[in-house]
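Please examine the sequence and the model shown here. The briefing that follows is grouped by topic.

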Protein chains: 2
Amino acid sequence: MQNESTANSIEATNIPLTERLFDALQRAIVEGEIPQGSKISEPELARQYGVSRGSLREAMARLEARKLVERKPNLGARVVSLSYEQLIEIFQLREALEGMAARLAAQNMTDKEIEELQRLLNQHGEQIAEQHGQAYFQKQGDLDFHYRIVQGSKNKQLIELLCNDLYHLLRMYRYQFGMRSKRSQQAFEEHQYLINVISARDPEMAELLMRQHIRASRRNVESVLLEKL
Amino acid sequence: MQNESTANSIEATNIPLTERLFDALQRAIVEGEIPQGSKISEPELARQYGVSRGSLREAMARLEARKLVERKPNLGARVVSLSYEQLIEIFQLREALEGMAARLAAQNMTDKEIEELQRLLNQHGEQIAEQHGQAYFQKQGDLDFHYRIVQGSKNKQLIELLCNDLYHLLRMYRYQFGMRSKRSQQAFEEHQYLINVISARDPEMAELLMRQHIRASRRNVESVLLEKL
DNA sequence: CAACATTAAAGTGTCGACACTTTTTAAATA
DNA sequence: TATTTAAAAAGTGTCGACACTTTAATGTTG
């Protein structure tokens with residue numbers, strides 16, 4: 001009955017349709033496949049994905065809760081569009097949250113996890129040396145690094161919040177603005193410092209360094225963005 | 001067609017049913033009307049509120065996104081139950097987020113807002129003097145105070161996150177554990193210090209004090225809770 | 001021709017129905 | 001009587017339908 005060959009059709013699994021749909025839409029939005037600020041027509045989108053409106057609506061409700069779409073009663077939904085101001089606000093959030101994450105990571109990461117983190121960073125170092133300027137891997141690597149520290153905090157609420165909510169927004173702005181970092185070498189070194197103080201089990205210092213690191217990253221974004229406008 | 005006299009029926013407005021439903025359910029969960037950890041039967045709940053399952057499901061999807069209910073495919077949904085550990089985790093989040101909020105508030109609150117905040121605190125002072133031990137108003141007052149500072153940060157993401165997500169969880173645990181503070185006088189004084197440094201436009205100090213304040217509050221919760229178990 | 005009124009089209013809000021899963025109840029067997 | 005099996009009940013996943021609202025198209029009048 002269902003058209004499985006539709007361009008955007010969702011693969012069949014035992015996972016609920018609504019959930020697959022939610023993931024697919026989230027990805028599509030984050031990667032700009034559905035452009036920022038564009039209006040969403042429920043019947044059309046449902047048709048594209050080969051699902052009923054009911055299922056779509058459930059997924060949309062969750063997207064709305066994650067601030068990826070905005071809905072106004074009777075007027076329909078549109079994909080959010082990130083403004084410069086919002087981006088700055090997100091960096092302030094990150095500073096607070098990841099600062100705390102680093103603090104907790106210094107207390108709660110296992111030695112093995114720290115070793116693995118160091119290994120990951122070494123890889124990044126090689127990549128930076130080899131493919132100088134390849135922004136994509138650097139950005140991905142940066143996110144990986146931060147991701148692990150958040151996990152290392154062992155605070156489930158924090159992990160949820162950062163990894164499931166905030167990082168998607170962050171990836172979204174990277175796709176949108178096509179950011180490329182001019183400070184990968186600098187960031188790399190800051191990451192190394194961070195590992196050092198975490199190894200030394202110094203929570204205070206870990207938080208401080210992480211906050212500085214994120215502030216520096218924000219300043220970079222500001223300058224890159226301002227020269228674009 | 002619809003039974004308007006059902007016990008839990010939602011009033012008729014122009015606001016979408018799903019939204020009213022979401023608010024009603026959130027309130028019911030936060031206040032313990034629907035008890036922690038209880039299983040939710042969609043048909044039954046839909047009947048209770050006099051709505052269709054479709055509408056209910058949409059509301060549930062949003063509640064799930066806010067971590068107020070947990071759903072497992074084909075097995076149904078249940079209200080979350082706050083554990084001691086989770087509560088501690090939430091306090092760590094608050095420390096980070098409200099610390100940042102206080103920092104920003106010291107920069108961004110208007111003089112008028114600060115005045116009003118002082119007025120609010122004076123009221124609290126009177127209430128504490130009058131009805132010594134009346135925990136409810138104190139707790140409510142405490143939340144009011146924190147609420148205003150968050151608003152004063154002028155960071156929309158932060159406001160959303162704290163006021164729409166986290167505070168509900170907090171109110172929920174207060175209802176659940178029936179907390180009463182033994183340190184209202186102490187908290188009152190800390191609030192006053194906070195206003196002082198915000199007035200002095202000292203972001204650094206504002207963050208520091210707020211974090212101390214929340215840490216103290218957490219220690220209080222810990223001790224009260226531990227003597228209960 | 002522009003401004004307004006009037007349909008028509010599209011879109012959203014809400015519901016009820018049905019298939020498939022899990023849980024419960026009942027029956028049957030060792 | 002305890003355990004396994006079978007049938008029934010309840011519950012979840014997904015869909016299509018219809019009423020009401022907004023937007024677009026069309027026609028009408030000054």
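**Surroundings of Gln151(B)**

Beyond its neighbours within four places in sequence, Gln151(B) is in contact (heavy atoms within 4.5 Å) with Ile159(B) and Cys163(B). The model is predicted: local features need pLDDT of at least 70, side-chain atom pairs count only at pLDDT 80 or more, and totals for chains, interfaces and linings use all residues, while side-chain values use heavy atoms, with hydrogens and water left out. Residues are numbered from 1 along each chain as its sequence is written, and chains are lettered from A and ligands numbered from 1 in the order in which they are written.

- Gln151(B) belongs to helix 6 (residues 135-153) of chain B; helices (H or I, at least four residues) and strands (E, at least two) are DSSP runs, numbered from the N terminus.
- Gln151(B) counts as partly exposed because its relative accessibility is 30%; buried means under 20% relative accessible area, exposed over 50%, and partly exposed in between (1.4 Å probe, protein chains only).

**DNA strand C**

- DNA strand C is surrounded by 19 residues (a heavy atom within 4 Å), and the closest are Arg53(A), Arg57(A), Leu17(B), Ser52(B) and Ser55(B).
- Of the atoms of DNA strand C that come within 4 Å of the protein, 70% belong to sugar and phosphate.
- Phosphate oxygens of DNA strand C lie 2.7 Å from a polar backbone atom of Leu17(B), 3.2 Å from a backbone N or O atom of Asn74(A) and 3.3 Å from a backbone N or O atom of Ile40(A).
- Two or more residues of this surface come from each of strand 1 (39-40), helix 2 (42-49) and helix 3 (53-65) of chain A and helix 1 (17-30) of chain B.

**Chain A and its relation to chain B**

- Chain A has nine helices and three strands, in the sequence order α-β-α-α-β-β-α-α-α-α-α-α.
- Of its 229 residues, 52% count as buried, and the C-alpha trace of chain A spans about 60 × 45 × 35 Å along its principal axes.
- Chain A is superposed on chain B by a rotation of 180° with 0.0 Å of shift along the axis (RMSD 0.0 Å), using least squares on the C-alpha atoms of residues with pLDDT of at least 70 in both.
- That is the relation of a two-fold axis.
- Both copies use the same surface, as 100% of the contact residues of chain A recur in chain B.

Conventions: A polar contact is a pair of N or O atoms within 3.5 Å; within protein, one must be able to donate a hydrogen and the other to accept it, and residues adjacent in sequence count only if both atoms are side-chain atoms.
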